Amino acid sequence: MAGITIDGVRKSFGATTALEAVNLEIADHEFVALLGPSGCGKTTLLRIIAGLETQTAGRVLIGGRDISALPPRARGLAMVFQNYAVFPHLRVRENIAFGLRMHGADSARIARQVTRTAGLLRLEPLLDRYPAQLSGGQRQRVAVARALAVEPAVLLMDEPLSNLDALLRLDMRAELKEVLREAGTTTIYVTHDQTEAMGLADRIAVLHAGRIEQIGTPSEIYHHPATRFVGGFVGSPPMNFLARDGRLLGIRPEDLDIVATGDGLPFRVNVVEPLGAQTLLTGIAEGHLVRVALNGEHHVPPGAELHIRPRPERIRWMDATTGRAIPPGTEPSP
Amino acid sequence: MRGRALPYLLVAPAVIFLTVLFFVPLVQTIALAFETRTGFGLGNFLRMEDDLNFHDAVVNTFRFVGLAVPLQLAAAMGMAMMLRHLGRGRDLVLWIWTIPLGLSDLAAGLVWLALLNDRGYIASLLFHLGLVAEPQSWLTYETPIALFAAVVIAEFWRATAIVVVILVAGLQLVPKEYAEAASVFGASPWRIFTRITLPLMKPSIQSALILRTVLAFEAFAVVIAIGGRNFPVLVSEAYNWQNFNQEPSVAAAYAVVVMCLSLLATVVWLWLLKTPAEQRA
């Protein structure tokens, strides 16, 4: 059992508050992504769980045991660092074996685990190389193998893919998902990339300014953002917002339809981006910047005057002052 | 044309400086060391070796280098690690630690002489406190261990800071993430130090050891100030042969021996602590 409980964890650095009383419950075997822009406190929270940073208040429990006062080495977890932190003076084999050696595993178990994880991450031909002789993607795989080799109850990952180029990141994302599903480890994954969070996680916690804005499945986060921030941060391009007497009408770019003239809102197209699968239009409607995502077969010239209409069932209402979602049933008509 | 010549022109002052002030005297010294009345040979080295003080000088030099350098390295490593854990005031502490570097080595030797001689501060203090019956003298040929200790302490005080500076610079090149990763994977602070920090510091430890060993073989002013003729080392013997015995060729033989030892020490450290390119941080 390795469920994680974050209980009122707060962190301030001098006068600045990095985290404000964060509460989070993570089930055993669950994969949770901490998603947010840089400076939102997600890495600080991860480092507090790892024991690399000390919280100002609150507790962290793993499997019901309070580990707040334990040093990192006694917490029984593994971590993949953003810059991998693969030891440059050790061969790949010794890097993978490092955690087991530190925990005093016997040589038979070390050999078995190194073979197993190296196989899992396709590192067998590289075992006798030094990290400097590897590519970025290979080093990243060594960092994951080193973490999985100790068979941790909890795996922490701090933006593990952010240093890879776009194509490799896509490959590694799929690979990581497969490997982690097999390992069945409780995982906390920090990222600022919403595609990564949506693609990998069972649940996503969106952080903003040291606070959790919303926790939910990728689909809940995407389709039912709890706040204006979540709608505007998750999704590429993000949600559009139009003012409606004290409220905000939130609508995803793909939920806007082009309609006949005289029907719907007038929309002046400024920029057309043919992205292949989609054609992205950026323009002005009711004085607001609005993005419309159309099927890639549409051809619209820039400067065109169109009319758009939101699909009524897709509209999400938010309070204009608090930015919070208005529960269904109490919303006005569009 | 001017473009091609420019790099050579820019390098020329340094080359001329090194040639005139280092390379020529070096060749002259070596020539002098092998020059005898009958031509070239090992005569000067034999005279050097025949001298009463030669054996003591060799033993003292090696004991001095063998004790001072490891002590300095260990202390400097500890000091550098302490600095790493210091938040505010780190620069101030480093600055205070490096003050002895600003003193000439003769001045440093005299400071320790003033502290340690039979009418020095420490002896007077102990006498006034009634802890000793009469002022003690520690710096004579009758107290060789105390004298040796005093020389090592003075050199330790004077020259450890340069090792600290080199190691602090080296430590800053090692990202903290390695130590963090090691701690997450179960390493105790001591194991992080021995398994991660120390191996990654190898290049700067090597630089520090080369510098300190070469300079310790050449330690002179501190030794003369505290030990005088009671603590002969190779360099002070070279000085004595040159100035008191008026025998420049025997002094040159000593100089050649010291040079060879320095070169040997450098080669040993380069070989023992080499870091292949693929293992660098």
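This is a predicted model: local features need pLDDT of at least 70, side-chain atom pairs count only at pLDDT 80 or more; totals for chains, interfaces and linings use all residues.

1. Residues are numbered from 1 along each chain as its sequence is written, chains are lettered from A and ligands numbered from 1 in the order in which they are written, and side-chain values use heavy atoms, with hydrogens and water left out.

2. Chain A is divided into domain 1, residues 4-223, and domain 2, residues 237-319, the bounds coming from an automatic or database domain assignment. The C-alpha centres of these two domains of chain A lie 38 Å apart, and the C-alpha atoms of the chain fill a box of roughly 75 × 45 × 35 Å along the principal axes.

3. The secondary structure of chain A comes to eight helices and 18 strands, where helices (H or I, at least four residues) and strands (E, at least two) are DSSP runs numbered from the N terminus. Among contacts (heavy atoms within 4.5 Å) in chain A between residues at least 6 apart in sequence, 62% join residues at least 24 apart.

4. Of the 334 residues of chain A, 50% count as buried; buried means under 20% relative accessible area, exposed over 50%, and partly exposed in between, with a 1.4 Å probe and protein chains only. The accessible surface of chain A comes to about 14,500 Å², of which 51% belongs to carbon and sulfur atoms; such areas come from the Shrake-Rupley method with a 1.4 Å probe, and for residues only the protein chains shown count as cover.

5. Chain A has 36 positive and 36 negative side chains, with the centres of the two sets 6 Å apart. Here Lys and Arg count as positive and Asp and Glu as negative, His and the chain ends not being counted, and the place of a charge is taken as NZ of Lys, CZ of Arg, CG of Asp or CD of Glu.

6. Some backbone details in chain A deserve a look. A cis peptide bond, with omega about 0°, joins A:S236 and A:P237, and A:P237 lies in the loop between α8 (228-233) and β11 (240-244). A:H29, in the loop between β2 (16-26) and β3 (31-35), has a positive phi near 70° although it is not glycine, and A:H29 counts as exposed because its relative accessibility is 53%. A:E286, in the loop between β15 (278-285) and β16 (288-295), likewise has a positive phi, near 50°, and counts as partly exposed at 40% relative accessibility.

7. In chain B, B:T213 is found in helix α10, residues 202-217, and is buried, with a relative accessible area of 5%. Its side chain makes a polar contact of 2.9 Å with the side chain of B:W269; a polar contact is a pair of N or O atoms within 3.5 Å, where within protein one must be able to donate a hydrogen and the other to accept it, and residues adjacent in sequence count only if both atoms are side-chain atoms. Leaving aside neighbours within four places in sequence, B:T213 is in contact with B:V65, B:V69, B:A265 and B:W269.

8. B:A123 lies in helix α6 (residues 121-128) of chain B and is buried, with a relative accessible area of 1%. Not counting residues up to four places away in sequence, B:A123 touches B:L115, B:N117, B:D118, B:Q136 and B:W138. The C-alpha atoms of B:A123 and B:Q136 are separated by 6.0 Å, the two residues being 13 apart along the chain.
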